[in-house]
Amino acid sequence: MRAAPAAPALRLCLIGSGAIGGRVAELLAAHPGARIDLVGVITRPGASRRDWWSAGCQQITDPAGLAALAPDVVVEAASRQAVEDWGHVALHAAREFILCSASALTDDALRDRLTQVAGATGSRMVIAHGALGGIQAISAASLRALNQVTHVIRKPPAAWRGTPAECLFDPDGLDKALVFFRGSAREAASAYPANANAVVTTALAGVGLDETRVELVADPHTDRNVHQLHAAGDFGILNMTILNEPMPSNPKTSDMTALSITRMLLDRTMPLVV
Ligand SMILES: NC(=O)C1=CN([C@@H]2O[C@H](COP(=O)(O)OP(=O)(O)OC[C@H]3O[C@@H](n4cnc5c(N)ncnc54)[C@H](OP(=O)(O)O)[C@@H]3O)[C@@H](O)[C@H]2O)C=CC1
Ligand SMILES: O=C([O-])CC(=O)C(=O)O
């Protein structure tokens with residue numbers, strides 16, 4: 001039997017070179033056999049190159065540059081604004097657009113517009129599993145009636161710095177856990193876009209942005225970013241808790257986010273996918 005010709009390398013372009021972008025690049029570099037080439041990084045104009053960009057990696061700052069790059073996959077690991085700025089262009093330029101800043105999709109008009117572009121171009125918009133690692137169980141459960149989905153995010157008080165939560169409590173002064181927000185996934189991700197993207201992933205996999213109940217907790221007794229999911233429906237009952245290590249370069253962000261994106265990318269190149 002003749003060996004099949006080697007598949008061409010997957011051409012990857014990242015949006016953002018912060019905590020997640022750098023970590024994904026590091027993890028991919030540890031899997032050279034997977035043949036994923038970081039061919040470009042989208043930055044704001046004037047941003048400096050990072051030491052983890054390979055020599056051939058192009059810095060992209062405008063839509064024409066992205067079109068010319070012709071990536072297979074664009075991974076957004078930047079901000080809600082970056083989804084607005086680049087989502088449309090990415091769906092034209094690549095066959096897949098994977099986004100981390102799921103809070104952008106609380107804007108129904110933007111979500112509909114990007115979904116339509118994906119349909120029209122034959123590309124796909126994929127919401128990263130992010131800090132949850134995997135969301136398939138809720139997505140599968142939603143094929144039958146789901147009557148309740150709750151997502152609790154518990155992080156150390158310092159992780160809520162620079163957010164509206166600072167008006168509700170002093171991050172240095174808490175001596176016990178404080179539930180400072182209760183509401184829908186839409187409200188949580190709109191108010192806390194840097195900390196609550198994962199609730200949008202849960203919501204869009206399950207019962208939607210307005211029906212998914214969310215609690216946000218500042219907890220001085222944890223040093224991890226904890227996500228607790230509870231779902232009940234015709235499928236049965238799901239309880240899941242993940243206690244994520246925060247990334248040193250951005251403690252709001254869990255290392256699992258970078259791990260799960262890297263896993264998604266590696267799966268695009270593997271003959272056996274679990
Ligand atoms: N879905 C999930 O479960 C999770 C999602 N996230 C989200 O992922 C995103 C990235 O997180 P993280 O890596 O920790 O963030 P960082 O702040 O560490 O890095 C963000 C990077 O994106 C760049 N950037 C931001 N906006 C734009 C833009 N409009 N155009 C080009 N570049 C831009 C920043 O550049 P500059 O320095 O110039 O601003 C920076 O390089 C965030 O939105 C975060 O909320 C994080 C954790 C979990
Ligand atoms: O990384 C995390 O634990 C979750 C997070 O910040 C988000 O959902 O935006």
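1. Strands β5 (residues 96-99) and β6 (residues 124-127) of this predicted model pair in the parallel sense, over four bridges. Pairing requires at least two bridges found by DSSP between the two strands. Helices (H or I, at least four residues) and strands (E, at least two) are DSSP runs, numbered from the N terminus. Within this pair, L99 has I127 of β6 as its bridge partner.

2. Between β5 and β6 the chain passes through helix α4 (residues 108-121), and this β-α-β crossover is right-handed. That term applies if, with the strands pointing away from the viewer, the path from the first strand over the helix to the second runs clockwise.

3. The open sheet has six strands, in the order β3-β2-β1-β4-β5-β6, with parallel pairing. β3 (58-60) and β6 are the edges; each has a single partner strand, so one side of each lacks a neighbour in the sheet. From one strand to the next, the twist averages 25 degrees. Axes here are lines fitted to C-alpha atoms, for helices over the stretch in contact, and angles run from 0 to 180 degrees between N-to-C directions.

4. β1 (residues 10-15) and β2 (residues 36-42) run parallel and are joined by six bridges. Here L10 stands opposite I36 of β2.

5. Confidence: the protein chain has a mean pLDDT (the predictor's confidence in each residue, from 0 to 100) of 96, and 100% of its residues reach 70 or more. For the complex, the predictor gives an ipTM of 0.98 and a pTM of 0.96.

6. Conventions: residues are numbered from 1 along each chain as its sequence is written, chains are lettered from A and ligands numbered from 1 in the order in which they are written. Local features need pLDDT of at least 70, side-chain atom pairs count only at pLDDT 80 or more, and totals for chains, interfaces and linings use all residues.
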